[in-house]
Amino acid sequence: MDHTRLRNRTIFILVVLIACVLGLTGIPKNFQQLKENLANRIHLGLDLKGGTHMVLQVHVDDAVKVVTDQALERLRDEMSSRGIPYSTIERQGISSILIKGVPDSKSGDLDALVGQQFSTWTLQRVPGQPQSRLLNMKVSEVAMIRNQALDQARETIRRRIDALGLVGPEVADYGRGDYELVVQLPGVSDPTRVKNIIQATAMLELKLVRGGPYPSRDAALSSFGGVLPPGTELVPGNDESSGSSGGQVWYLLNQVAAVTGRDLTGAQPSTGQNGQPIVNFTLSREGAVRFGEITGKNVGKQLAIVLDNRVVSAPVIDSRITDSGEIRGNFTTQQASDLALMLRSGALPASISYINESTVGPSLGADSIRDGIIACIVGFLAVMVFMLIYYRGAGVNADVALILNLIILMAALAYFQAVLTLPGIAGVILTVGMGVDSNVLVFERIREELRHGKAPGAAVAAGFEHAFRTILDTHVTTVAAAAILFTFGTGPIKGFAVTLTIGLIANLFTSVYVSRTIFDYVLSRRQKGEALSV
Amino acid sequence: MEFFHEPNIDWMGKKWYFIGASLALLVAGLISIAIHHGLVYGIEFRSGTQVTVKFAKAPDLGAIRRELEKDNWKGASIQSIGPASEHSVMIELPLQENASEGAALDAGKNAIVKVLTALYGEASSGKSDFNNATSKSIEDYLLVSDPLGLASKGLETATSTYEKLAQAMVQFRDNPPQSGLIADFQQLSSVPGVTPAVISALQKGFYLSGFTVRNTEVVGPKVGSDLRRQAVYVTLAGLAAMLVYIWFRFELIYGVSAVIAVFHDVLITIGLFSLFGKEITLDVIAALLTLVGYSMNDTIVVFDRIRENLPSSKRENFADLVNRSINQTLSRTILTSGLTFLAVLALFLFGGEVIHGFAFAMVVGVLIGTYSSIAIASPILVYWQSRAGKGGVRGKRRVYEREIATAKR
């Protein structure tokens, strides 16, 4: 090989090496800064550094139900205004509305109504019930609402967690296509508070009180002769008279809310007249108009503040209120500020439940990192020392390739902002194993060619040529499997696939290209007749 | 230095010993799975609550169990893990029935912490436990008690000072050698910024319990079985991808032999996990995937040599050719396996408790993966080619010609 080519290759390798090292360390001024830069650039997984990892299920069908209920109300109104008679109309399942008792003569009108006003729905007859119709939400619409609910839930949760001021939280899809989200909270070892904040639907409604409080549901029902007045509902709440430990009471409220959380433009924790924690909120212009109208008409009556279907408090309306108000309850300072946070970040479109939670305490994380580093260093040193003893001169070559491989791998992980987890370390180990294997394959082959009497230069060339095919096959096979793992796997399996793939690509470069260049360099400096150290 | 100088071992002649040994291991594993230990799945593949706790002194496991039972928690599994000097204990509770909501999922964890606080804390003192406190709660406490007299300097200065101080103390507590447990508040005096006033303030509001929660896993009923299924499917898909690639580069039978060998490795490793009663966790799955990759790599190296030797061996018996190929690559096989073994052995010995199951799978996997390339994959190949050679499926000649063509590609 001529010297220009050798020089170009050397320069290329050095450029790669410097780029990777600088990518990892930056330009540190001292050792402390070097450590910090490394820690900032190599992202360790929660299993290694401690923190909480949660998988939560978003019950997206809640959102579908809400849309169906809204459509049902609209349908009821439209049918009465168009004079289409019916006997009953109700929701079936999550996305269907069953209409009963539509006379044949009006069937065409109903078809027309659905055609004009309910474009995302299809109307079908019910077998055996000639006067019934089933209104089904189109499948594409259901899918869209579900996805929207998931997106909205993800964003809402992200806003809530961000507002908590945690370091480096992450909210993402879990990747099983089952409307699940994964939430990662580095450094959080007691997730209870965060969980409550995430999980609260934070659906705020202000509703006029029509009666109550009643000591129990039955008592409330019996005072109306067992049937609630139309347009009202019973909602539980705390008994304000008996303090925070109070028992449960029931209020009779208007079903339609005066204003809801959607009308809010802001919410702040504050202290009330007696120094107790409260939450102040402000309303949008539209909400303020509506709120002013309702409160103006109902001065002296009670207004219930309903949070997630529970009455928090039911103050008396002193005067007309327009654009702001306050929520009083038996809050602690923390509860008030959490509530304000949840109201600011908006309501969740669907309820949420936790299906998995894992917390690695920070002390375990610290121990894992220390033990892991010790084990890796011991392992690598053992391998490198052995290569030196076994292959002597060529051992240096292999060790250089191995170190360069690791540097490239780490730099690539930092560049892609990939997270190094325990399974990721498994990927690194397999990479190192296959890296060493590549070198061994080449060296053994060179030895074999030398035994067959080839000159060093020819032996090296033949060794690389033969071994390259093997190396390529083993690497492509493994990368093919890793690609599958990456595409279909989740979490830890994905982490394994990422490091493995990067590592193997780096390895093709180091154990073939770099190693060959070093051999060529050694050969070019060799005196005639001198043996090759392999 | 050289281990083998042109070895000449008749590997294929010993194939029945190999197959016998493999069958014995497989059967032992299967028996263990069927009637002995079964397969011990990690908590992430089942459901329930698993809490790992480190104690200052050797804990009384019986007392913990009794207290849990008093609180109506039946079926708790309590066992020591890691070296005895670590006093680490893993406590596991099944999920409460009908538990799917967040609160119910938390119940088990809360019950364990309550029992441990009763046994190893000072629940009645009205103080908080410093060893299980978050840096935020320590910061809040310091802000109120203000041992450094920062109130006059404004809330912002005080908050940021106490925040840093609390974080530094928690860092000190959580890093080795304390590893989460402080025995005496005076130990904190080595943390920069901690004055005697801070220590005495802490002593008024905190006590030092004899335990710290290191790890919590709560798994709902739905995830476990899903994860298990997914791990199996993804692994099978990965194997299929390898099979297809080897089919394309070599021949179908090479791919099939390699995949059978890898299957053999995974089954034996899982069997050994059952025999030793070790838990199969998600990390172990990652180790099994590594083993698949490693074993496949090893097999391909041997097969590649067979492919290379084929054109020059028309007169040679196929079994002899396989022997020759294995012998030619033996030095490399021993070296690579030995070195990889060295690396994972370091992981097994020094890697710490978190990595233990993972490292065990790797140690076993490297040995089995190397063995199977010689003892399982190659004999299958020889068996198939000898059948083909006896005029079974295809003429021997044609098979060779195809292989030559493939090799030249």
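Biologist: What is the strand order of the open sheet of four strands in chain A?

Modeller: Helices (H or I, at least four residues) and strands (E, at least two) are DSSP runs, numbered from the N terminus. Two strands pair if DSSP finds at least two bridges between them. In this sheet of chain A the pairing is antiparallel and the order is β3-β4-β6-β5.

Biologist: Which strands stand at the edges of this sheet?

Modeller: A strand at the edge has a single partner strand, so one side of it is left without a neighbour in the sheet. In chain A this applies to β3 (88-92) and β5 (121-126).

Biologist: What kind of model is this?

Modeller: Residues are numbered from 1 along each chain as its sequence is written, while chains are lettered from A and ligands numbered from 1 in the order in which they are written. Local features need pLDDT of at least 70, side-chain atom pairs count only at pLDDT 80 or more, and totals for chains, interfaces and linings use all residues, since this is a predicted model.

Biologist: Which residue is the bridge partner of Ile97(A) in β6(A)?

Modeller: Strand β4 (residues 96-100) and strand β6 (residues 129-137) of chain A run antiparallel and are joined by four bridges. In β6(A), Ile97(A) is paired with Leu135(A).

Biologist: At about what angle does helix α4 of chain A run to β3(A)?

Modeller: Axes are lines fitted to C-alpha atoms, for helices over the stretch in contact, and angles run from 0 to 180 degrees between N-to-C directions. Two residues are in contact if their C-beta atoms, placed from the backbone, lie within 7 Å. Helix α4 (residues 61-82) lies across β3, β4, β5 and β6 of chain A, and its angle to β3(A) is about 165°.

Biologist: Which element gives the largest share of the side of chain A that touches chain B?

Modeller: In total, 63 residues of chain A are in contact with 65 residues of chain B. Elements giving two or more residues to that side of chain A include α7 (192-199), β18 (352-360) and α13 (422-451). The largest share, 18 residues, comes from α11(A).

Biologist: Is α11(A) roughly parallel or roughly antiparallel to α10(B)?

Modeller: Helix α11 (residues 362-391) of chain A packs on helix α10 (residues 318-350) of chain B at about 155°, with axes 8 Å apart. Angles under 35 degrees count as roughly parallel, over 145 as roughly antiparallel, 65 to 115 as roughly perpendicular and the rest as oblique. The two helices are therefore roughly antiparallel.

Biologist: How many nonpolar residues are in the contact of α11(A) with α10(B)?

Modeller: Among the residues that meet are Ile374(A), Val378(A) and Phe386(A) in α11(A), and Leu335(B), Leu339(B) and Phe350(B) in α10(B). Ala, Val, Leu, Ile, Met, Phe, Trp, Tyr, Cys and Pro count as nonpolar, Asp, Glu, Lys and Arg as charged, and the others, Gly among them, as polar. One residue of the contact is polar and one is charged, while the nonpolar residues number 14.

Biologist: In which hand does α14(A) pass α9(B)?

Modeller: The axes of α14(A) and helix α9 (residues 282-309) of chain B come within 9 Å and cross at roughly 150°. That makes α14(A) roughly antiparallel to α9(B). A crossing is left-handed if the near helix is turned anticlockwise from the far one by less than a right angle, and right-handed if clockwise. Here α14(A) passes α9(B) in a crossing that is right-handed.

Biologist: Which residue in β7(B) stands opposite Val360(A)?

Modeller: An open sheet of eight strands has the order β7(A)-β8(A)-β2(A)-β18(A)-β7(B)-β2(B)-β4(B)-β3(B). Within it, β18(A) and strand β7 (residues 211-219) of chain B run antiparallel and are joined by five bridges. Opposite Val360(A) stands Asn215(B).
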